[in-house]
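Dear colleague,

Please read them with the coordinates open beside you.

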Amino acid sequence: MNVPHKTDSIVPDFLAGMGEDLKRGLVPVRLFNNRDIHELELRRIFARSWVFIAHETELPNPGDFVTRPIGEDPFICVRGDDGAVHVLLNSCRHRGAQICRAEMGNTRAFTCPFHGWSYKINGELAGVPARRQGYRELELSEWGLFSAPHVASYAGLIFANLDPDAVPFEQYVGRYRWYLDIQFALSPGGMEVIGEPHRWLVDANWKQGAENFCGDSSHTQMTHRSALEVGIIAAAAAGAPSKEHGLHVHDCDGYAISIRQNPGETLFWNYPEEVTRHFDPTRLSPAQFALAKRSLVHNGTLFPNFSFLHLGITDNAERPPAGFLTIRTWQPKGPGRMEIWNWILTPKEAPDDYKRRAYQVGMSSFSPSGSFEQDDVTVWPGTARSASTVFAELNNVKLNYQMGLGSMSDIAPLRDWEGPGTAVPSNAGESGLRTFYKTWLERMTISNPIRSDAR
Amino acid sequence: MNAPFDAGTEAEATRFLNREAELLDNREFHRWLEMVSANIRYRVPVRTTRQNKEGRGFSEKAFFLDEDHGTLKTRVLRLDSEFAWSENPATRTRRIIGNIRVRSATADTVALASNLAIFCYRGDAAAPIILTAERQDILGRENSAWKLADRLVLLDTTVLGMESLSIFL
């Protein structure tokens, strides 16, 4: 499958100085709602990055499928008879109709409702009607469904990459895997998705969610003040910026993570003992396991639009907190709109009662009805609105991402941090967000930004 | 539960649903909570588009809301805050309840289904976001007053068209 490189749309001129702007902590507001940016992102970012598409536990059996977007293109993610996962373009090779019109289910074949071309679940063309009368020379083997040239499965997470020349997933993730392993590989069974994902529309750009999960710790006190007031989260987990609990890691091979911890305590994001006893120290390095043990909150984004949040919280101040993991994708739907997809996970070994409890707590905080998320998505559309103003265009308005930059802060990065990336023992900073935009700019403005050396 | 019911039961149930809608539209959430049983089970399942042979697509594990009295109360307390930005300024809602069907009734419980349309106006948007659903409710009589004991809201949409579900259904 060829990804057209040459048809890239124009790079908007306001990106020309963004590299220098970023060094000063400035980001042009227009990138949050701009047609040219959006078109370029679909081609240079979503068609060339490793994009999260599904979790293994959503597809336990052969024939299980889900339909998911990559950028704005429709794909089917299906488990084949051999157990392998196929990522197929949801478009009939005959005349382009969508061959799969359900969002999930189980099937033995995908048969086009237009003229009846029928495909096996691995994407091969199995048959066409009236073959002897009309298609005597049709080579079925040449007309299978288009598929993503690269699919990778890591710790239950399935990613696809539409770039035939993409670097391997391991190389794409780089040293950030050190942090991902802590979330996804702590117990032998790994993490398991509970139920079907939430899907909802927000009139904000996809980057708004992606950057938020890179470590926008200082918004918690204001955006989420109502949730803090009702006492459903520990002060250390969501409280004011502090040296004691906050840790921001930036420039970890292009990615960032925000950590809240309580050194000396056994926390594991408030998972109860019936769950934590399955956490296996031999699966991680001692430093990784020690970090998991003292952690209250971890949140990060694997560029471009896959984010995770691991935390313990409750849905009622009279009940104890419960740990859970949410993963989400911020799917672009035009320049000023996104669809959020949200999954809630627990370790596979957790008892069923705990899974249900963790789901309730996750839903109550981070979902369309979540007491935290409700207020995020209320604020974000404002930025998309500002981005589309004539005023922003005429004045090349730039936003302030300077928190904690250089001499703005007197807190130096840790010299002895045991993990990868640059770790700052403070969450009064926006270094993770600056990392996100550095990565974004690099991939937007270099025509072949993450090409394999072997090419 | 299969005892015969009469027009009086249906009228009482209708009065209950209309009163509830009035309180919710008027944002009198604490008074609404008084109509909710301490043992309430309140669920809004996630829905997915499925082939017809695989059913109607309502999840058994995933929910937009899965509440008991304590969590509903927590949500109401949060909405009391002036910093609950999703509802300050508030969504202006108008609930239309119709097609009320009493499924079964005894002296102390009524099982009923109804159709719900909620028109939601936010900010200066001139057009509403509309949510429609079937409600399946059980009302229980407690100390001579009807209370909402169980609610299952079956949404017609799979993708929520509103940025936050910060209202009660």
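Two strands are taken to pair if DSSP finds at least two bridges between them, and it is in this sense that Arg43(B) stands opposite Leu152(B) in β6(B). Please keep in mind throughout that this is a predicted model.

Chain B, strands. The strand β1(B) pairs with strand β6 (residues 145–155) of chain B in the parallel sense, over four bridges, while its pairing with β2(B) is antiparallel and runs over five bridges.

Chain B, overall. There are three helices and six strands in chain B, and from the N terminus on the elements follow the order α-α-β-β-α-β-β-β-β. The radius of gyration of chain B is 16 Å, close to the 15 Å that the globule rule gives for 169 residues, so chain B is as compact as a globular protein of that length. Taken along the principal axes, the C-alpha atoms of chain B fill a box of roughly 50 × 45 × 30 Å, and 33% of the 169 residues count as buried. Among contacts in chain B between residues at least 6 apart in sequence, 56% join residues that are at least 24 apart.

The contact between the chains. Chain B brings 31 residues to the contact and chain A brings 39 residues. On the side of chain B that touches chain A, β2 (58–67) and α3 (69–80) each supply at least two residues, and β2(B) gives the most, with seven residues. By residue type, that side of chain B divides into twelve nonpolar, 13 polar and six charged residues.

The helix α3(B). This helix has twelve residues and reaches 17 Å from its first C-alpha to its last, which is close to the 16 Å expected at 1.5 Å a residue. Its buried residues are Thr71(B), Leu72(B), Lys73(B), Thr74(B), Arg75(B), Leu77(B), Arg78(B) and Leu79(B). What covers these buried residues comes from both chains, and includes α8 (225–229) and α12 (352–365) of chain A together with α2 (29–33), β1 (36–47) and β2 of chain B.

Backbone details. In the loop between β15 (255–261) and α10 (273–276) of chain A sits Phe268(A), whose phi is near 45°, a positive value in a residue other than glycine; Phe268(A) counts as buried, with 21 C-beta neighbours inside 10 Å. Trp269(A), in the loop between β15 and α10 of chain A, likewise has a positive phi, of about 55°, although it is not a glycine, and Trp269(A) is buried, with 26 other C-beta atoms within 10 Å.

Confidence. The mean pLDDT of chain A is 94, and 95% of its residues reach 70 or more. Over residues 1–7 of chain A, however, the pLDDT is below 50, and this stretch has twelve contacts in the model beyond near neighbours in sequence. Residues 448–455 of chain A also stay under 50, and for them the model has eleven contacts beyond four places in sequence.

With best regards

Technical notes
Residues numbered from 1 in each chain as written. Chains lettered and ligands numbered in written order. Predicted model: local features only at pLDDT ≥ 70, side-chain atom pairs only at ≥ 80, totals over all residues. Contact = placed C-beta atoms within 7 Å. Nonpolar A, V, L, I, M, F, W, Y, C, P; charged D, E, K, R; others polar. Expected span 1.5 Å × (residues − 1). Buried ≥ 20, exposed ≤ 12 C-beta atoms within 10 Å, placed from the backbone. Rg over C-alpha atoms; globule rule 2.2 N^0.38 Å. pLDDT = per-residue confidence, 0-100.
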